[in-house]
Amino acid sequence: MIPAAFDYVRADSADHAIALIGEHGEDAKFLAGGMSLLPLMKLRLATPSVLVDVGRVRDLSYVRDAGDHLAIGALTRHRDLETSDVLAKECGVLRAVAAQVGDNQVRHRGTIGGSVAHGDPASDLPAALLALDATFVAHGPKGERQIAATDFFRGFLETALAPDELLGEIRVRKTGASGFAYEKFNRRAQDWAIVGAVAARVNGGTHVALVNMGATPLRATAVETALSQGASPEEAAREAAVGTDAPSDLNASPEYRAHLAQVLVRRALEAC
Amino acid sequence: MTVNGTAQDHDVEPRTLLVQYLREACALTGTKVGCDTSSCGACTVLLDNESVKSCTMLAAQADGASVTTIEGLADGDNWHPVQTAFHENHGLQCGYCTAGMVMAAVSLLDEIPNPTEKDVRLGLEGNLCRCTGYHNIVKSVLAAAQKMQDAK
């Protein structure tokens with residue numbers, strides 16, 4: 001399968017990328033690792049007229065300890081996250097979730113920013129970032145702005161990023177080396193999660209986020225509330241499907257997904 | 001780009017996939033197209049020594065990089081230890097997935113030189129063998145790891 005024809009331009013820097021996307025209009029798309037966009041283009045579900053390749057903007061690839069938080073460049077590859085010493089010490093959950101994305105080959109190419117900007121509710125990292133109260137820093141022609149994770153994921157494959165904005169950095173809380181669990185349920189190795197549950201201890205509380213239980217990654221707020229009121233993991237996990245809108249596909253019905261969410265949240269809470 | 005140590009220079013359409021470039025422009029047909037949806041790993045090659053799926057990458061993205069395909073693995077008549085191990089342990093049945101398996105295994109052993117069986121099974125999760133010959137493939141990779149360690 002070959003994508004529909006497009007023009008290809010390569011950006012040398014974030015500013016150059018924003019200038020190029022401005023020049024080519026709304027049919028242009030940024031290309032990072034291409035692990036989400038290229039499959040869509042091969043299936044002709046996406047037909048951008050121009051690709052602005054940001055894959056070589058190396059100064060957007062880093063994991064830095066920024067004092068009270070961690071700063072992660074949007075073009076940091078999953079492979080670099082799963083082997084990051086800084087993450088191992090300061091945010092083990094993100095390292096562990098990155099190690100569950102796709103397979104080795106995908107993790108050698110795919111980037112955290114690409115995954116986030118694609119906004120797929122079945123992806124692993126967006127839910128983890130939601131659980132971590134991440135802040136997304138977008139660069140656009142008018143400068144930079146910060147977007148809270150809760151405002152970022154708007155709908156299926158839809159985010160708060162404007163077409164001419166480039167995701168530059170992701171900021172997360174320091175949550176330490178332990179105190180988290182990621183339960184990803186799929187039937188075959190390397191598949192997307194049929195349902196996933198991330199639990200992490202953050203600031204004395206427990207945050208829980210769900211993969212593939214709606215049009216966007218979701219916080220399991222009913223579970224979090226129950227926990228804060230003293231519920232046991234088992235009791236709190238019964239609330240896992242509250243407020244969700246699970247999809248129906250070949251793998252699972254919404255009812256089955258709701259059941260999975262409860263089981264996976266319980267396991268995640270017990271392991272967290 | 002450099003492919004198997006040789007400089008390659010072609011003008012291609014932006015939408016040319018790396019696997020297409022390798023097979024059609026460079027005439028290196030050892031790299032196979034399997035599922036064509038980045039699931040099966042038959043098209044795995046090394047990009048700057050790391051495994052990637054060449055069906056889900058544009059040739060343009062590899063511009064300037066160093067690509068290694070199955071044809072570039074042997075040193076003259078001497079097979080790479082992973083190739084030898086697949087041969088000796090019957091790590092293949094129909095052979096269609098083999099080039100991708102071998103390249104993924106080379107990358108895996110570069111990252112984890114002394115893997116456990118679980119490391120190998122997890123590390124090759126991006127490669128499917130429709131003959132389901134996984135047992136001997138894993139055995140081959142473990143044997144190669146042992147040989148490469150012994151040679152050090």
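A nonpolar core is a set of buried Ala, Val, Leu, Ile, Met, Phe, Trp, Tyr and Cys residues joined through C-beta atoms within 7 Å. A residue is buried if 20 or more other C-beta atoms lie within 10 Å of its own, exposed if 12 or fewer, and partly exposed in between, with C-beta atoms placed from the backbone. The views below come from a predicted model, in which local features need pLDDT of at least 70 and side-chain atom pairs count only at pLDDT 80 or more, while totals for chains, interfaces and linings use all residues. Residues are numbered from 1 along each chain as its sequence is written, and chains are lettered from A and ligands numbered from 1 in the order in which they are written.

**View 1. The nonpolar cores.** The largest nonpolar core has 89 residues, and A17(A), A128(A), V198(A) and V265(A) touch the most other members. Leaving aside residues up to four places away in sequence, V265(A) touches A197(A), V208(A), A220(A), V223(A), A237(A) and A240(A); two residues are in contact if their C-beta atoms, placed from the backbone, lie within 7 Å. A second, separate core of 47 residues includes C43(B), A85(B), V106(B) and L124(B).

**View 2. Helix α1 of chain A.** Helices (H or I, at least four residues) and strands (E, at least two) are DSSP runs, numbered from the N terminus. A14(A), A17(A), I18(A), L20(A) and I21(A) are buried residues of α1(A). Seen down the helix axis, the buried residues of α1(A) fall within an arc of 160°, so they line one face of the helix; the arc is that of the directions from the helix axis to the C-beta atoms. Among the elements that cover these buried residues are β1, β2 (28-31), β3 (50-53), β6 (135-140) and β10 (166-173) of chain A. Just after α1(A), G25(A) has a positive phi of about 80°.

**View 3. Domains 1 and 2 of chain A.** Chain A is divided into domain 1 (7-53), domain 2 (58-173) and domain 3 (181-271), with bounds from an automatic or database domain assignment. The C-alpha centres of domain 1 and domain 2 of chain A lie 18 Å apart. Their contact takes 12 residues from domain 1 of chain A and 20 residues from domain 2 of chain A. Helix α1 (residues 14-24) of chain A gives the largest share of the domain 1 side, five residues.

**View 4. The two domains of chain B.** Chain B consists of domain 1 (2-72) and domain 2 (81-150) in this division. Their C-alpha centres lie 20 Å apart. In chain B, 16 residues of domain 1 are in contact with 13 residues of domain 2. On the domain 1 side, β3 (44-47) and β4 (50-53) of chain B each supply at least two residues, and β3(B) gives the most, with three residues.

**View 5. Where chain A meets chain B.** Here 21 residues of chain A are in contact with 23 residues of chain B. On the chain A side, the elements that give two or more residues are β1 (7-10), α2 (37-42) and α6 (104-109). The largest share, five residues, comes from α6(A). By class, the chain A side divides into 11 nonpolar, six polar and four charged residues. Ala, Val, Leu, Ile, Met, Phe, Trp, Tyr, Cys and Pro count as nonpolar, Asp, Glu, Lys and Arg as charged, and the others, Gly among them, as polar.
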